[in-house]
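Dear colleague,

Please find below the structure that I am handing over to you. My notes on what was found in it follow directly after.

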Amino acid sequence: DGKLGEQRIDWDPRAALGVVVAAGGYPDSYAKGTEIHGLPVTEDGASKVFHAGTALDDDKVVTAGGRVLCVVGLGDTVADARDVAYAERARIDFEGAFSRSEIVGLADARGRVLQQVVLAERDQPPYDRVTMDGIALRFADLNDGNRRFGIAGTQHAGDPVQRLPDGAQCIEVMTGAVLPKDCDCVIPVERIVKDDGHVTIEDDYTAKLRQFIHPRGSDHGKGHQLLTPGRRLSAIDMALLATAGLAEVRVAALPAVRVISTGNELVAAGQPIKAHQVRMSNGPALVAMLEQQGFLDSLHLHLVDDPRLLKHRIGEQLEGSDVLVLSGGVSMGQADFVPAVLAELGVRKHFHRISQRPGKPMWFGTGPKGQLVFALPGNPVSALTCCRHYVLPALHRAMGGSAALVVHRIRGCGGAG
């Protein structure tokens, strides 16, 4: 739509085969000749990194009025890749792919995907509820000109309901209490004076019939549908579950997700590092993204670029998990073994390479038992971008929820793997 965050970009779809789809996270400028994900910078300065219609690697890209981060260009389109990953047009039944459900206690339900209809246990509120500390009385007694009333009792929140006696009587009430029977008006405590077992209403105070009363069933009635399946349970939803009297709730079972970083050059934080090595950052970041979205059964491991080792260890993880998310080894280099290893393990490829940068080498397939397998590029920005736009929405959809996610701004980082 020609928009880049809050910044408008100009591009000509007739002259350009690609479209800028994200920006930010790179240095302010690049020198001429610098490569960004294999594309050379054609001009000095950030505002003219790419020119619309300029041929680069048999592709055409688009210039923006600022820094370029993500350029659509080669391979399957972003829309097609999302369709496959979300299973809207592909012949892959992801919806309900993780059809297992389980019953968990209310305290453990936050963030889980609901798998049952939740109905109101009773009217809400379940009685005429007092909304102000003060006294409850008959409005007709006020119309008779009475301003002084005897105190017949006190109604606290949680007490059984009382009945107001005949005559110029009132009952002291607290916020949240049941409205006493035969009462239809509440006078705030600030507008009365209490003395010797009686209260006097201020002369200048004018009351109204049924004021400060929250009527029974005015929010909803018994049996009203509160929540439907497919909803990720929020804090407010937890309140609704408790209000419905549910100590336990049926939710989608958590998929077992295994994140695998590949690469000889990767070194974990806290370990000695040499000049030719880089810190392993993708794995911890991907696990954090998954856990933030409620996928709590997520573990990370690191494998070196050895085809036999990769086949053995990836095979083990594939057998014991619902989802594999690999990082690195998916491009066309001599040490990019992941696609071939996955093929040997019987993982069916659905696409490899997307028309976007960063993230072009992304690979996606399904395992022999329906496992979802995402192989992401090793570049940190590429890996996080692909996880945000493909992995997380697909997993939400597979669990019976919505592919819509909270948008998290992804910035460039200096590690890998």
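Predicted model: local features only at pLDDT ≥ 70, side-chain atom pairs only at ≥ 80, totals over all residues.

Helix α3 spans residues 235-243, and its buried residues are Asp237, Met238 and Leu241. Viewed down the axis of α3, these buried residues lie within an arc of 105 degrees, so they line one face of the helix. The face turned away from that buried side carries the exposed residues Ala235 and Ile236. After α3 comes Gly245, which has a positive phi, near 80 degrees.

**An open sheet of six strands**

A further part to look at is an open sheet of six strands, arranged in the order β15-β12-β14-β13-β17-β16, with mixed pairing. The edges are formed by β15 (185-188) and β16, each of which has a single partner strand, so one side of each is left without a neighbour in the sheet. On average, neighbouring strands of this sheet are turned by 40 degrees against each other, direction ignored.

As background, strands of a sheet pair through backbone hydrogen bonds, either parallel or antiparallel. Strand β12 (residues 134-137) pairs with β15 in the antiparallel sense, over four bridges. Within these two strands, Ala136 stands opposite Val186 in β15.

Ile192 belongs to strand β16, which covers residues 192-195. Is Ile192 buried or exposed? Its relative accessibility is 15%, and buried means under 20%, so Ile192 counts as buried. Leaving aside residues up to four places away in sequence, Ile192 touches Ile135, Ile187, Val199, Thr200 and Ile201. The C-alpha atoms of Ile192 and Arg148 are separated by 9.3 Å, while the two residues are 44 residues apart along the chain.

**The chain as a whole**

The protein chain contains seven helices and 28 strands. It has 417 residues, of which 46% count as buried. Among contacts between residues at least 6 apart in sequence, 65% join residues at least 24 apart. The accessible surface of the protein chain comes to about 20,300 Å², and 49% of this surface belongs to carbon and sulfur atoms.

With kind regards

How values were computed: Residues numbered from 1 in each chain as written. Heavy atoms only, no water. Buried < 20%, exposed > 50% of the residue type's maximum accessible area, 1.4 Å probe, protein only. Arc of directions from axis to C-beta. Contact = heavy atoms within 4.5 Å. Pairing = 2+ DSSP bridges. Axes fitted to C-alpha atoms, helices over the stretch in contact; angles between N-to-C directions. Areas by Shrake-Rupley, 256 points an atom, 1.4 Å probe, with all protein chains shown as cover.
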